[in-house]
Amino acid sequence: MSLDYDHQQLDFIIAAQQNRPGALLPILHDIQDAFGYIPPDSVARIASALNLSRAEVHGVITYYHHFRTTPPAGHTIQICCAEACQSMGAERLVEHAEQRIAGRKPGEYSLQPVYCLGLCATSPAVMIDEKLHARVTPEKFDALLKNLGGKS
Amino acid sequence: MSIRIFVPRDSVALALGAEDVAQAIRNEAKRRKLDITVVRNGSRGMLWLEPLVEVHTEKGRVAYGPVGPEDVAALFDAEFHHGGQHALCLGLTEELAYLKKQERLTFARVGITDPLSLEDYLAHDGFQGLSNALAMQDAAIVQQVTDSGLRGRGGAAFPAGIKWKTVLNTPAAQKYIVCNADEGDSGTFSDRMLMEGDPFVLIEGMTIAALAVGANRGYIYVRSEYPHAIAVLNEAIAVARAAGYLGPDILNSGKRFELEVRKAAGSYVCGEETALLESLEGKRGIVRAKPPLPAIAGLFGRPTVINNVISLASVPIILAKGAAFYKDYGMGRSRGTLPFQLAGNIRQGGLIEKAFGVTLRELLYDFGGGSASGRPIKAVQVGGPLGAYLPESQWDTPLDYEAYTALWAVLGHGGIVVHDDRADLAKLARYAMKFCAIESCGKCTPCRIGATRGVEVMDKIIAGQDSPAQIELLRDLCDTMLNGSMCAMGGMTPYPVLSALNHFPHDFGIKESGRVKTDSATGGQHA
């Protein structure tokens with residue numbers, strides 16, 4: 001994916017939100033939803049629109065786990081590693097997923113831990129590109145991976 | 001008349017394929033030329049049965065589950081659309097023991113109604129609390145909430161009426177109602193289920209709160225991990241506003257209340273109320289020093305009611321049926337009901353709304369049916385990642401705020417995570433420290449540095465290096481975190497760590513049960 005993004009669209013997103021109280025998080029969400037990440041050189045524009053310092057905007061972006069400053073992988077796979085999922089074998093699932101993804105093209109998949117998806121009675125839980133999956137066994141994980149279009 | 005078939009739109013059902021099931025039912029009905037309406041309801045909370053499909057019949061709703069798309073043709077062959085027999089048939093939903101034994105007040109409509117149908121909501125006693133509140137003086141509304149005994153359901157258990165009274169009595173041109181829907185505790189999902197299954201009750205509760213304290217603007221701060229809840233809330237707010245239940249002139253009363261959803265960004269500590277307010281203001285979610293209380297100087301420095309989803313969603317029934325009705329449930333100073341969430345290694349996990357006073361053993365075995373793995377249950381963590389691990393000797397204590405405080409444990413948000421005998425409590429204690437290190441906001445030293453040191457100490461204990469001295473160090477560290485942290489993040493991480501150590505010393509390499517007493521006076525909850 002190219003690092004280029006539509007600067008006009010960025011200005012539009014900022015202008016649409018900048019007068020709301022506490023506008024920074026909504027703006028960052030909209031930027032990430034539009035471009036897949038928050039381009040580092042957008043920080044100055046956001047800061048100037050909200051009358052903040054660039055350090056303040058940078059601080060917020062890096063504080064929250066949700067925001068990223070580089071383009072996302074082809075598919076983002078989040079495996080819940082919190083207690084309820086641990087009690088149903090999340091650790092084993094993470095090891096399995098790491099093995100499956102090892103050796104794939106860089107940038108094809110991004111494997112991330114997540115701490116609770118709210119599916120704690122049907123653990124382990126996984127979110128793949130915003131789609132939720134419950135009771136994910138290693139076998140089910142392989143099937144999900146296959147459905148993403150990659151070779152397993 | 002068209003036959004109504006219910007297929008939940010709750011995240012759990014969706015994560016187990018409910019969308020495909022709904023589509024398969026529509027397709028099969030079309031193929032058979034049957035007049036069928038598929039209603040997307042919330043979940044009944046019997047999550048091991050999801051996707052749980054229900055059919056409306058003259059005798060009541062008949063349940064089938066768990067249903068996969070591959071079962072649909074056979075279900076039609078068995079005339080399930082008329083309540084016909086099939087291997088997946090569970091009988092009348094209302095007669096299922098798991099549901100029948102509950103006391104559903106806050107969750108009265110969840111799973112029954114279409115979450116976005118205002119007609120459904122009104123037909124099931126919706127907006128009665130609001131219409132009563134509109135006829136009352138503000139102080140009288142606050143008094144009802146105080147008299148009901150409702151305490152904050154987010155975990156701190158602070159009396160809601162007292163919080164509201166402080167906001168009411170603090171004069172200001174602008175006040176706010178903020179709903180804390182940053183449900184980050186592992187093992188908890190009641191906020192999510194309520195928002196996805198009955199969003200209007202939360203809107204109604206927040207509107208009543210606004211009338212009670214004189215606020216005209218509200219925010220629901222929802223975690224980003226809950227995309228379905230965010231979507232449902234946004235739709236429900238639009239429906240309510242169009243019908244005059246929100247907006248510039250609520251039901252022609254001349255009162256104004258505007259409500260919006262704000263999406264969080266994956267920070268656990270933003271569930272702490274002052275960190276949440278910082279985040280809403282567009283800053284890093286760093287905990288504020290208290291005082292001032294948010295009730296006096298909260299969002300943007302204005303008086304703010306900040307309550308959990310379940311607290312606010314319990315308000316409509318209190319205003320509809322009266323404080324005495326609600327207070328009649330529960331025990332001691334824990335009045336009303338708590339939607340417990342049974343999770344982890346459990347056969348029948350789900351949502352169980354019961355009056356305070358039920359025991360863990362009843363929930364684990366009468367409702368839960370024991371562990372999912374079939375192995376003995378070893379430890380149960382109650383109240384999220386900052387809650388204590390309870391050994392079997394404590395499972396008969398009634399679930400009540402004060403009784404749990406006496407055990408040096410917490411009810412928290414009512415999450416219950418079950419671990420079988422393969423669990424290693426030393427590893428879980430290490431995880432508690434690691435989680436605190438990942439999620440600490442960094443403002444205070446005991447939490448920021450203590451959690452990292454805690455992981456290191458636990459690593460040495462697990463490796464068996466110099467254990468007696470390391471365990472002493474761990475206790476010393478926990479004492480500092482417990483008493484020196486600014487909020488519950490660092491202040492309660494010692495709960496899982498020390499309860500694991502005290503109740504399961506064997507996992508820490510201690511041969512004899514060298515139980516050291518814990519001081520319940522310093523183990524209290526954060527207000």
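Tutor: A residue is called buried if 20 or more other C-beta atoms lie within 10 Å of its own, exposed if 12 or fewer do, and partly exposed in between, with C-beta atoms placed from the backbone. The model is predicted, so local features need pLDDT of at least 70 and side-chain atom pairs count only at pLDDT 80 or more, while totals for chains, interfaces and linings use all residues. Residues are numbered from 1 along each chain as its sequence is written, and chains are lettered from A and ligands numbered from 1 in the order in which they are written.

Student: What percentage of the residues in chain A is buried?

Tutor: The C-alpha trace of chain A spans about 50 × 30 × 20 Å along its principal axes. Chain A has 152 residues, and the buried share of them is 36%.

Student: How many helices and strands does chain A have?

Tutor: Helices (H or I, at least four residues) and strands (E, at least two) are DSSP runs, numbered from the N terminus. Along the sequence of chain A they follow the pattern α-α-α-α-β-α-α-β-β-β-α. The totals for chain A are 7 helices and 4 strands.

Student: How far apart are the centres of domain 1 and domain 2 of chain A?

Tutor: Domain bounds come from an automatic or database domain assignment. In chain A this assignment gives domain 1 (7-63) and domain 2 (75-147). Taken over C-alpha atoms, the separation of their centres is 30 Å.

Student: How many residues of chain B are in contact with chain A?

Tutor: Two residues are in contact if their C-beta atoms, placed from the backbone, lie within 7 Å. On the side of chain A that touches chain B, the elements giving two or more residues are α2 (24-35), α4 (54-63), α5 (83-86) and β4 (131-133) of chain A. In total, 33 residues of chain A take part, and the number in chain B is 46.

Student: Why is chain B said to be as compact as a globular protein of its length?

Tutor: Chain B has 21 helices and 16 strands. The radius of gyration is taken over C-alpha atoms, and the globule rule is 2.2 Å times the number of residues to the power 0.38. For 527 residues the rule gives 24 Å, and chain B is as compact as a globular protein of that length because its radius of gyration is close to this, at 24 Å.

Student: Which residue is the bridge partner of Leu338(B) in β13(B)?

Tutor: Strand β12 (residues 337-344) of chain B runs antiparallel to β13(B), and 6 bridges join them. A hairpin through 5 residues also links β12(B) to β13(B). Within β13(B), the bridge partner of Leu338(B) is Lys354(B).

Definitions and conventions. Two strands pair if DSSP finds at least two bridges between them.
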